[in-house]
Amino acid sequence: MIVISDTTPIISLLKAEQLEVLEALFGEVFIPEAVYEELTGNQKFQLEAEKVKKCPFIKVKQVEDIKSVNIFQRVTGLDAGESESIVMAEEKQADLLLIDEKKARHVAKQMGLAITGTIGVLIQAYDEGLLSESAIETCLAVMKKCGIRISDGLFETMRNHIKFL
């Protein structure tokens, strides 16, 4: 299975101390160089950066069609990480793109890419017995405390799927 990730799902799971869920679900996750830079380039988050750098199942790859990335950025207003993630998912014919930002999700859907976000990953981990209800509740609390926004619609989807919320 080929899985590509944008920045936010990795940050969210990292903050919630559940990054290993990605390995359990997908084996390995590919990220483009722009996403790697977003994850490791901020001096304020060196501990998190080190975890990403040492993570054996996150594989950094270069996007082949940089011209398409530049066009995506200019036409859609998406940032470099989102643009590279979408282009890489298309190039590698990815089975799944992990992406949270609404505008980027819309673009990816229009391109026919299979997508899910952090909430989808948590639901899948719950369904596969990797996370308990209380672990998911803790994840959501940590994500909220860290300023990671979860739309009412996504929260409702999770609430309907996992009856504890």
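This is a predicted model: local features need pLDDT of at least 70, side-chain atom pairs count only at pLDDT 80 or more; totals for chains, interfaces and linings use all residues.
Visitor: Why are lysine 53 and glutamate 50 separated by about one helical turn?

Guide: Both residues sit in helix α4, where a helix is a DSSP run of H or I with at least four residues, a strand is a run of E with at least two, and numbering starts from the N terminus.

Visitor: What do the side chains of lysine 53 and glutamate 50 meet in?

Guide: Check the charged ends: N to O comes out at 3.6 Å. The cut-off is a side-chain nitrogen of Lys or Arg within 4 Å of a carboxyl oxygen of Asp or Glu. So this pair qualifies under that rule, and the two side chains meet in a salt bridge.

Visitor: Are lysine 53 and glutamate 50 buried, exposed or in between?

Guide: Buried means under 20% relative accessible area and exposed means over 50%, with partly exposed in between (1.4 Å probe, protein chains only). Lysine 53 has 42% and glutamate 50 has 32%. That makes lysine 53 partly exposed, and glutamate 50 is likewise partly exposed.

Visitor: Which residue forms a salt bridge with glutamate 48?

Guide: The structure holds two salt bridges, and in this one the closest N and O atoms are 3.0 Å apart. The pair links distant parts of the chain, 33 residues apart, with glutamate 48 in α4 and its partner in helix α1. Glutamate 48 is partly exposed at 22%, and its partner is lysine 15.

Visitor: Glutamate 82 is buried, so which side chain of opposite charge is nearest?

Guide: Glutamate 82 belongs to helix α6 (residues 80-91) and touches Asp6, Glu101 and Ala104 (heavy atoms within 4.5 Å), leaving aside residues up to four places away in sequence. For charge, Lys and Arg count as positive and Asp and Glu as negative, with His and the chain ends not counted. Glutamate 82 has no salt bridge, and at 7.8 Å the nearest oppositely charged side chain is lysine 103.

Visitor: How much space lies in the largest pocket?

Guide: On a 1 Å grid over the protein atoms alone, a pocket is an open set of points where a 1.4 Å probe fits, with protein on both sides within 12 Å along at least five of seven lines; lining residues have an atom within 4 Å of a point. Grid points are joined across faces, edges and corners, and the volume is the space filled by probe spheres set on the points. For the largest pocket, that gives about 430 Å³.

Visitor: Which helix supplies the largest share of the lining of the largest pocket?

Guide: The lining has 17 residues, and those closest to the centre are Asp100, Glu101, Lys102, Arg149 and Leu154. It divides into five nonpolar, six polar and six charged, with Ala, Val, Leu, Ile, Met, Phe, Trp, Tyr, Cys and Pro as nonpolar, Asp, Glu, Lys and Arg as charged, and the others, Gly among them, as polar. α1 (7-15), α7 (102-110) and α8 (118-127) each supply at least two residues. The largest share, four residues, comes from α7.

Visitor: Is glycine 117 buried or exposed?

Guide: Glycine 117 lies in the loop between β5 (115-116) and α8. It touches Ile99, Asp100 and Arg105, again leaving aside residues up to four places away. Its relative accessibility is 6%, so glycine 117 counts as buried.

Visitor: What is the phi of glutamate 17?

Guide: Most residues other than glycine have a negative phi. Glutamate 17 sits in the loop between α1 and α2 (20-26) and is exposed, at 63%. Though not a glycine, glutamate 17 has a positive phi of about 55°.

Visitor: And what value is the phi of glutamine 93 near?

Guide: Glutamine 93 is in the loop between α6 and β4 (96-98) and counts as exposed at 67%. Its phi is also positive in a residue other than glycine, near 50°.

How values were computed. Residues are numbered from 1 along each chain as its sequence is written. Side-chain values use heavy atoms; hydrogens and water are left out.
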